[in-house]
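Please consider the following numbered points on the structure shown below.

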Amino acid sequence: MKKKIIVLGICTLMVCSCGKKIPTLSNGEEAVVTLSNGNNISVNELYNDLKNSYALDSLVNLIDKKILEDKYKDRIESANEYTDGTMKSYEEYYGDQLLSVIQYSTSYSTIEAFRNYVYLDYLKKEAVEDYAKEQIKDKAINDYYEKNIYGDVLVNHILVTKNVKEDASEEEKTKSDNEAKEKINTIIAKLKESKNVKETFTELAKEYSEDESTKNDGGSLGYINNGTLSSNYDEILKNAFKLKNGEFSTEIITTSLGYHVIFREDSKEKAKLEDVKDTITETLATELMQEDATVSIKAMQELRKSYGVDIIDSEIKTQYANYIQNALTQAQKSNSSSNE
């Protein structure tokens with residue numbers, strides 16, 4: 001929706017500053033535009049017309065700006081730094097075309113209006129994130145801790161790739177795929193026969209692994225945990241958490257890198273709940289915001305209520321109530337679509 005701030009008081013200040021007497025209509029209302037035929041436009045006419053167009057959007061932005069700048073006094077500097085950095089990036093990328101791009105791609109007619117949007121959006125995101133964190137209860141945090149928090153695990157792996165050319169035929173790709181899987185199954189079979197899995201795994205890594213950076217070190221990935229390595233290793237880590245120390249995987253593990261066999265050599269105790277509670281809360285809050293489109297609407301709605309916002313104009317007040325209801329309805333539909 002169009003985000004314009006209409007400050008009617010400026011008109012009055014401009015007239016006064018010029019030393020001119022403000023014209024009035026026959027009913028006593030002040031005029032903002034005069035015509036030679038005397039059919040002037042009053043302040044009330046302008047206000048009534050504007051409030052039926054985009055006054056609600058402007059008003060909500062004005063309300064939110066006052067509330068957010070009061071609630072997040074300590075984050076205003078960060079908001080300005082973020083906004084300045086964002087605008088600088090746009091200016092460097094688009095150069096003299098920035099204004100045209102803004103006018104074409106957004107509902108803003110000036111660079112400053114767009115900057116104000118970026119600034120306010122930063123503060124709104126802070127409020128939404130804080131609201132989402134408040135929705136995370138201790139039970140959810142405890143459940144996540146029990147199911148998803150692990151101590152670091154010392155993992156070794158053997159990687160076997162398909163080794164197939166890009167222009168290979170489907171038959172060649174299938175043959176290469178089967179050969180790689182057969183090699184992995186051979187490695188697993190040898191580990192099952194071993195009396196010293198650690199020693200055997202080290203030997204097999206040197207012989208078979210195609211990970212040149214780890215093969216000569218027994219395939220060691222070191223102590224790893226969630227976030228330690230790139231997402232390419234997520235499946236390896238997931239399977240490592242299922243093993244006990246001294247165990248190896250007996251099923252082929254598939255990643256974007258190829259096929260793997262892993263050996264869990266050692267592990268450490270997981271962090272205490274109090275040490276990771278904030279991190280878990282942030283994770284769950286992020287998931288909530290991604291899964292529930294109503295969160296951002298409810299966050300600002302509750303914040304306005306907490307500041308005792310009362311819209312005096314009955315028509316705009318009705319518009320606001322309809323706006324919130326429509327936004328929630330659309331968000332709920334979005335949630336339903338995502339869950340299908």
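1. Asp143 is partly exposed at 30% relative accessibility, where buried means under 20% relative accessible area, exposed over 50% and partly exposed in between (1.4 Å probe, protein chains only). Its partner in a salt bridge is Lys139, at 2.9 Å from N to O; a salt bridge here is a side-chain nitrogen of Lys or Arg within 4 Å of a carboxyl oxygen of Asp or Glu. Lys139 is exposed, with a relative accessible area of 60%. Both residues belong to helix 7 (residues 138-148), four residues apart, about one turn of the helix. Helices (H or I, at least four residues) and strands (E, at least two) are DSSP runs numbered from the N terminus.

2. The model is predicted: local features need pLDDT of at least 70, and side-chain atom pairs count only at pLDDT 80 or more, while totals for chains, interfaces and linings use all residues. Residues are numbered from 1 along each chain as its sequence is written, and side-chain values use heavy atoms, with hydrogens and water left out.

3. Side chains of opposite charge can pair when their charged atoms come close. A second pair consists of Lys162 and Asp177, whose side chains meet in a salt bridge of 3.7 Å, N to O. Lys162 lies in the loop between strand 3 (153-160) and helix 8, and Asp177 in helix 8, so this bridge ties together parts that are 15 residues apart in sequence.

4. Lys124 is in helix 6 (residues 111-134) and Asp64 in helix 3 (residues 55-71), so the pair ties together parts that are 60 residues apart in sequence. Asp64 is buried, at 0% relative accessibility. A network of salt bridges links Asp64, Lys124 and Arg304.

5. Lys215 deserves a separate comment. This residue is found in the loop between helix 9 (197-208) and strand 4. Lys215 is buried yet has no salt bridge, and the nearest side chain of opposite charge, Glu212, is 4.3 Å away. For charge, Lys and Arg count as positive and Asp and Glu as negative, with His and the chain ends not counted. Not counting residues up to four places away in sequence, Lys215 touches Ala205, Lys206 and Ser209, contact being heavy atoms within 4.5 Å.

6. Two surface patches may be noted. Patches are made of residues with over 30% relative accessible area and no salt bridge, like charges being joined within 9 Å and nonpolar side chains (Val, Leu, Ile, Met, Phe, Trp, Tyr) within 5 Å. The place of a charge is taken as NZ of Lys, CZ of Arg, CG of Asp or CD of Glu. Glu166, Asp167, Glu171 and Glu172 form a patch of negative charge on the surface. Of these, Glu171 is in helix 8 (residues 170-193) and is exposed, with a relative accessible area of 67%. Val33, Leu35 and Ile41 make a nonpolar surface patch of about 200 Å², with areas from the Shrake-Rupley method and a 1.4 Å probe, only the protein chains shown counting as cover for residues. Val33 is in strand 1 (residues 31-33) and is partly exposed at 37%.

7. Which residues does Tyr131 contact, leaving aside its neighbours within four places in sequence? They are Val295, Lys298, Ala299 and Glu302. Tyr131 lies in helix 6 and is buried, with a relative accessible area of 15%.

8. Leu288, in helix 11 (residues 273-291), is partly exposed, with a relative accessible area of 22%. Beyond its neighbours within four places in sequence, Leu288 is in contact with Ala132, Gln135, Ile136 and Val295. Leu288 and Gln135 are 153 residues apart along the chain, with their C-alpha atoms separated by 8.8 Å.

9. Ile224 lies in strand 4 (residues 220-224) and is buried, with a relative accessible area of 2%. Not counting residues up to four places away in sequence, Ile224 touches Asp152, Val153, Val155, Leu229 and Leu237. Ile224 and Ser176 are 48 residues apart in sequence and 31 Å apart in space, C-alpha to C-alpha.
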